[in-house]
Amino acid sequence: MTDRPVCDYEGSNYQDDFWGKGEREYEDRAEQIALKAMLPKAGGLFLEIGAGAGRQTPLLKNFDHVVLMDYSRTQLEQARERLGTSTRYTFVAANVYQLPFKPRVFSAAMMIRVMHHLVEPLAALKEIKSTLAEGGAFILEFANKQNLKSILRYALRQQSWSPFSPEPVEFVKLNFDFHPQTMRQWIREAGFEIKAQRSVSHYRIGALKKIVPPTLLAALDGAVQPTGEWIQFAPSVFIKAEVRSQESGVRSKSPRDESNLQAKRPTSIFVCPICKGELQKESDYFQCSACGKKWGIRNGIYDFKEAL
């Protein structure tokens, strides 16, 4: 579907292996604090990009409908097992560079622990922006190149790359750290306006996590997260952005108004991810009326990862 390399968690047990052993309870709690502070209080149709097994989805209880999107079908199957078959959820396998959604259908979106896998962040940001209603909120997390550990290692000549240079650094294949200034530039270039910033996981230190309870450590982290408005030296940065309003004298509808109809009929939001053509729904697949490609529906998952 695209010549850009994509990090694929297909077949992995990421939720249990990475989050389920208790070693990252502090990070999990710290991220929840940031999200609770930055997410809109309520809304219509919400897009969770890189939803994985639904770790953060319970925070979205005040939205009318949630679309969980991930490149991995395995992760989405685990999310269905975890969240159940509620009609509030739609599960979609898709590529963030080629989203299968109509323009301006979502009132809000978030993408947590995904950006660090993207080789072309700006292309992904532009694609995401196209799916959001005017004024729609977007919560983004990225791995911060300019964190204190990297600065110290660079000062001691234990790493070759500079944490102060603007370009991303690929420290492991398809794992990138980004400079905050560069990320802000891309966000604005994609058509967003930055509304808030938080630095997260200040205390991601193994020895400290062993002696301080994760609830206390997360509370301490939450107390200093707002400093991210001015300085970002933590390993993770959260940004709340909104789709920039069009310059006109006509007041547009609220993002929730725009997405209410789609929340009631969630399958009406789909288009062909390749050509953006209209889709005709059959019993167990969609077919594009423009290019003819077919997209399957498997085990409750709308599969736009690969054409049939």
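A: Two strands pair if DSSP finds at least two bridges between them. Strands (E, at least two residues) and helices (H or I, at least four) are DSSP runs, numbered from the N terminus. The model is a predicted one, in which local features need pLDDT of at least 70, side-chain atom pairs count only at pLDDT 80 or more, and totals for chains, interfaces and linings use all residues. Residues are numbered from 1 along each chain as its sequence is written, and side-chain values use heavy atoms, with hydrogens and water left out.

Q: In what order do the strands of the open sheet lie?

A: The order is E8-E9-E5-E4-E1-E2-E3-E13-E12-E11-E10, which makes an open sheet of 11 strands with mixed pairing. Strand E8 (192–200) and strand E10 (279–281) are the edge strands, each pairing on one side only. Direction ignored, neighbouring strands are turned by 20° against each other on average. Such angles run from 0 to 180 degrees between N-to-C directions, and the axes are lines fitted to C-alpha atoms, for helices over the stretch in contact.

Q: Which pairings illustrate the parallel and the antiparallel sense?

A: Strand E1 pairs with E2 in the parallel sense over 6 bridges, and Gly43 stands opposite Phe63 in E2. E1 also pairs with E4 in the parallel sense, over 4 bridges; there, Phe46 has Ala108 of E4 as its bridge partner. Glu193 has Glu242 in E9 as its bridge partner. Strand E12 (residues 294–298) and strand E13 (residues 301–303) likewise run antiparallel, with 3 bridges between them, and Arg298 stands opposite Ile301 in E13.

Q: Which helix packs on the sheet, touching E12 and E13?

A: Contact means heavy atoms within 4.5 Å. Helix H3 (residues 73–83) packs on the sheet and touches strand E2 (63–70), strand E3 (89–93), E12 and E13. The direction of H3 makes about 165° with that of E3.

Q: How is the burial of a strand or helix read?

A: A residue is buried under 20% relative accessible area, exposed over 50%, and partly exposed in between (1.4 Å probe, protein chains only). E1 is mostly covered, with 7 of its 7 residues buried. E8 is mostly covered as well, with 7 of its 9 residues buried. In H4, the buried residues are Pro121, Leu122, Ala124, Leu125, Glu127, Ile128 and Thr131. Their cover includes strand E1 (43–49), E4, strand E5 (132–143), helix H6 (180–189) and E8.

Q: How are two packed helices described?

A: Two packed helices are described by the angle between their axes and the distance between the axes. Here, the axes of helix H2 (residues 25–38) and helix H8 (residues 214–224) come within 8 Å and cross at roughly 40°. From H2, the contact is made by Glu25, Tyr26, Arg29, Ala30 and Ile33, and from H8 by Pro214, Thr215, Leu217, Ala218, Ala219, Asp221 and Gly222.

Q: Where are salt bridges found, and how many does the structure hold?

A: A salt bridge is a side-chain nitrogen of Lys or Arg within 4 Å of a carboxyl oxygen of Asp or Glu. The structure holds 15 of them. One joins Lys305 to Asp8, with the closest N and O atoms 2.9 Å apart. This pair links distant parts of the chain, 297 residues apart: Lys305 is in the segment after E13, and Asp8 in the segment before helix H1 (14–19). Lys305 is buried, at a relative accessible area of 5%, whereas Asp8 is partly exposed, at 37%.

Q: Which part of the chain holds the salt-bridge partner of Glu127?

A: The side chains of Glu127 and Lys276 meet in a salt bridge (2.7 Å, N to O). Glu127 belongs to helix H4 (residues 121–131), and Lys276 to the loop between helix H9 (255–264) and E10, 149 residues apart. Glu127 counts as buried at 15% relative accessibility, while Lys276 is partly exposed at 40%.
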